[in-house]
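The following note sets out numbered remarks for a colleague examining this entry. Please read them alongside the sequence and the coordinates.

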Amino acid sequence: GTPLPPPPPPAAPRASTSPRYERKAVDVLSAATQTEAHDDVDEVGEAQARLEQENTERALQNRSNSSSDSARKRVADIHRTEKKPVDLSSLSSRAKLVEKCLGERDVFDALFAPVSTEAVDETATNFPSSGRTTFTAPFEAACTGVAVIRERPEAFVASYASSTSEFDGDVGEEGCVCVWSLASTKAPDSQFRCEAGVTSIACDPRHPSLVLGGAASGQLLLFDGRTQTCVGRSPLDRHAPHSSSICALSVRDDGTVLTGSSDGVCCLWAPGNLERPLEKRQLRLAVSCADFADDSTAYVGCEAGSVSMATFGSNDPCAALGAHRGRVTCLAAHPASRKGAAASSDTLGLRRHLLASASVDWTCRLRVGSTPLGAPLDHGAHGYVASLAWSPSRAALLCTAASDACVRLWSAAAGQIVGAAEQLSAGALTSVAFSGDGRRVVVGDALGCCTVAALEASVCGEHPAEAARLDELLGGLAPTD
C-alpha cells in the first residue's frame, strides 16, 4: 500500500521565565491600565463639560429666541392696537362731566343770587350783555322751539328742523332735540336724532328727564334723557291721529298732552301713553298753536287768524274768542291757570282766565274770554311776532320774540313796553321761554342758535303795585265764553 507520512518533529521546549520578570510585566500592564482608565475619566469629564456647555448655550439661545418672539408678539400687538380706531366716547363723556362740574358753581351762584325789587328805569337795559350765552345747533337747521325744565333752572330743551318743516310738513329733512346746560356750552347734555324735523317741543313737568316733541311727519315723540333714546312714539299708519305736522304742543301739570296740526285735528293724550289719544277732535280749523285753558278746555289759534276755545268731552263747536289779521303764531295762558307759585299768588282767581296771543300782523293781544284787555301791543312794521311767554315770577310781565331778532318786555297792567327792544340774535327769532325762576329768557332763531339772556334783577322780581293794577283791570272784566 501507500506509505504513511513521517510524524511531526517534537515541539521545542518553552523557555522558563523568572518571577522577577513576571512581576515587572504585571506592573507595566497595571500602569498602562490605570493610565488608560485616567484617560477615559478625563474624556468622560470633558464630554460632560462640553454637553453642559452646549445645554447652557442652547438654553440661553432658546431663552433669547423666546424673548425675541415675545417681544415681536408684543410689538405686533401694539401695531394691531394702533391700527384699531380709538373709542373716545367714554373719554368725551367724562370730559363733558368735568367741564360741567367746573362750570356749575358760577352758574348756580348767578342763578340763586338775591333779587332786587327796586323800581325799574324804563330806559335801562333789560338784558345785560355780560349775561348772555349762545348755543349753536349740532347741524345746520332752524330752531323751532325752546322749553325749560322746572327742576333744572340751568338747563333748557331746544328742537330743530329744516326751515320749511314747520309750514309745509316736509318730512325729508332730519330733526333733532338737544338738552343744553349753562354749565357746558360746547356740547349738549343729551341729543336725540329723528327721521323727520321736530316742529314743537315741551317738557314733562312730572319727570325732568322726559321730553315730548311733535314731528313734521305727524308723530308725537317721547325722549328720555336717562337712556338718551326715543322711548315712545305715536303710530304712523292710516289710523294715525295727525296726518300733517304737529305745530301745537302743550303739557298739563298732570302730564296730559295736547297736540294740534294744520289738518284741523286736536288730540288729548294720556300721560306716557302714545299708542292712541284719549280723544280726537276735528275742529275744521287749520290749527297753528294751542294751549290748555283748564282741565277740559283748550285755547286754539288757527292759520286764518281766529282764536277759539275747544271743549273736550263734548261735540259742541269751538267758541270764537277773537281774531287777528293774520296767522296766529303763539298762544299762552297766564301761569296762574296752572299749579305753582303763580297760581298761589292769584288770590282773587282773576289771572287764570288771562290769555295772550301773537300773530304775523305785528301785534300781541290780551283777552279774558272774548273780552280784550287794553289795546293791542304793537311791534311796528319791523317784523311779525313769532312767540311769547309769561314771566313766572312777575305777574304782569310778558316777553315777545319777533322776526326782527329783537326781544321785547311788556307790562300787561300798563299796556306798554318795558325798556326798549333788544336784539339777542343775528337771525329771525322763532321761539321764547322764561326759565323756571323767571330770571332768564331763552330764545331760538332761524339760524339754529339759542341764546340765554339774564334779566336785570330789578326787572324779573315781583312788583306788587303792578300786580294790584293788573288785578284791578281784570276785576272789571267778566270772563265770557
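1. The side chain of T329 has a polar atom 2.7 Å from the backbone oxygen of V385. A polar atom of the T329 side chain is also 3.5 Å from the backbone oxygen of A386. Polar contacts here are pairs of N or O atoms within 3.5 Å; within protein, one must be able to donate a hydrogen and the other to accept it, and residues adjacent in sequence count only if both atoms are side-chain atoms.

2. This is a predicted model, in which local features need pLDDT of at least 70 and side-chain atom pairs count only at pLDDT 80 or more, while totals for chains, interfaces and linings use all residues. Residues are numbered from 1 along each chain as its sequence is written, and side-chain values use heavy atoms, with hydrogens and water left out.

3. T329 belongs to strand 18 (residues 328-333); helices (H or I, at least four residues) and strands (E, at least two) are DSSP runs, numbered from the N terminus. T329 counts as buried, at 15% relative accessibility. The classes are buried (under 20% relative accessible area), exposed (over 50%) and partly exposed (in between), with a 1.4 Å probe and protein chains only.

4. Which residues does T329 touch, not counting residues up to four places away in sequence? They are C289, A358, S359, V360, V385, A386 and S387, contact being defined as heavy atoms within 4.5 Å.

5. Helix 6 (residues 464-475) has 12 residues and should span 16 Å at 1.5 Å a residue; its end C-alpha atoms are 16 Å apart, which agrees. The expected span is 1.5 Å times one less than the number of residues in the helix.

6. Within helix 6, the buried residues are E466, A467, L470, D471 and L474. They lie on the same side of helix 6, because they cover an arc of only 140° around the axis; the arc is that of the directions from the helix axis to the C-beta atoms. The buried residues of helix 6 pack against strand 19 (354-359), strand 20 (363-368) and strand 25 (406-411). P464, A465, E472 and G475, on the other side of helix 6, are exposed.

7. A405 is situated in the loop between strand 24 (397-402) and strand 25. Its phi is near 70°, a positive value in a residue other than glycine. A405 counts as buried, with 4% relative accessibility.

8. Q228 occupies the loop between strand 8 (220-224) and strand 9 (229-233). Is Q228 buried or partly exposed? With a relative accessible area of 40%, Q228 is partly exposed.
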